[in-house]
Amino acid sequence: MKRLPITMLLASLCLVYSLNAADQVEKINAVVMLNMENGLANIQKGFLYNNMKLIQEGIEQVEKENSTYDNRDAIKSFLPEGKKQMENLAFLSSKRIENAAKEMKYYLSVNQPRKAHNAFSDIVNACTDCHTLIRGW
């Protein structure tokens with residue numbers, strides 16, 4: 001049996017590591033998106049059932065998960081191949097979500113639920129805009 005040269009062994013290990021790293025990034029992104037979806041669902045339920053605590057918990061969850069995308073390098077790592085050039089669009093969508101969440105908090109604090117709901121719609125629109133372009137809907 002021939003021995004595998006050390007360089008081939010190292011190359012194989014690097015390949016396995018890079019494939020595993022890419023898989024990990026995909027899994028992280030999937031978890032972040034799932035948690036963001038749960039936050040949005042809680043906000044919507046809070047509005048439907050007049051449950052301020054549920055709305056606030058949803059906003060906190062959306063803000064927490066959205067903070068994953070506050071760095072352009074992180075965004076680029078999450079974007080699929082062939083879409084990496086859209087990093088700026090994803091970054092701007094993340095900033096729109098961040099700003100709309102702050103608006104929601106403000107409008108809720110001054111007891112203007114209609115304007116808070118409009119800010120919630122802005123969050124959903126930012127998500128939809130990004131998904132439309134990145135996923136090619």
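Visitor: Where does Asn29 lie?
Guide: Asn29 is in helix H1; helices (H or I, at least four residues) and strands (E, at least two) are DSSP runs numbered from the N terminus. This is a predicted model, in which local features need pLDDT of at least 70 and side-chain atom pairs count only at pLDDT 80 or more, while totals for chains, interfaces and linings use all residues. Residues are numbered from 1 along each chain as its sequence is written, and side-chain values use heavy atoms, with hydrogens and water left out.

Visitor: Why is Asn29 called buried?
Guide: Buried means under 20% relative accessible area, exposed over 50%, and partly exposed in between (1.4 Å probe, protein chains only). Asn29 has 17%, so Asn29 counts as buried.

Visitor: Which residues is Asn29 in contact with, leaving aside its neighbours within four places in sequence?
Guide: They are Tyr69 and Phe78; contact means heavy atoms within 4.5 Å.

Visitor: What makes the rings of Phe47 and Phe120 a pair, and why is the pair called tilted?
Guide: The structure holds three aromatic pairs. Rings of Phe, Tyr and Trp (its six-membered ring) pair if their centres lie within 6.5 Å, and planes under 30 degrees apart count as stacked, over 60 as edge-to-face and the rest as tilted. The centres of Phe47 and Phe120 are 6.2 Å apart and the planes stand at 45°, so the rings pair and the pair is tilted.

Visitor: Which parts of the chain does this pair link?
Guide: Phe47 is in helix H1 (residues 6–48) and Phe120 in helix H5 (residues 113–135), 73 residues apart. Phe120 has 6% relative accessibility and therefore counts as buried.

Visitor: How do you know that the charged end of Arg72 sits over the ring of Phe91?
Guide: The test asks for NZ of Lys or CZ of Arg within 6 Å of the ring centre and within 35 degrees of the ring normal. The charged end of Arg72 sits over the ring of Phe91, 4.0 Å from its centre.

Visitor: What makes Glu57 and Lys53 a salt bridge?
Guide: A salt bridge is a side-chain nitrogen of Lys or Arg within 4 Å of a carboxyl oxygen of Asp or Glu. The N to O distance between Lys53 and Glu57 is 3.7 Å, and the side chains meet in a salt bridge. Both residues lie in helix H2 (residues 52–66), four residues apart, about one turn of the helix. Glu57 is partly exposed, at 37%, whereas Lys53 is exposed, at 58%.

Visitor: How many salt bridges does a search of the whole structure find?
Guide: It finds eight. One of them joins Glu65 and Lys64, at 3.5 Å from N to O. Glu65 counts as buried at 7%, and Lys64 as exposed at 58%.

Visitor: What joins Lys102 to Glu98?
Guide: A salt bridge does, with the closest N and O atoms 3.5 Å apart. Both residues lie in helix H4 (residues 87–109). Lys102, at 47%, counts as partly exposed, and Glu98 is partly exposed at 27%. Salt bridges that share partners join Lys95, Glu98 and Lys102 into one network.

Visitor: Why are the buried residues of H2 said to be on the same side?
Guide: Leu54, Ile55, Gly58, Ile59, Val62, Glu65 and Asn66 are buried in H2. They cover an arc of only 140° around the axis, which puts them on the same side; the arc is that of the directions from the helix axis to the C-beta atoms. On the other side of H2, Lys53, Glu60 and Lys64 are exposed.
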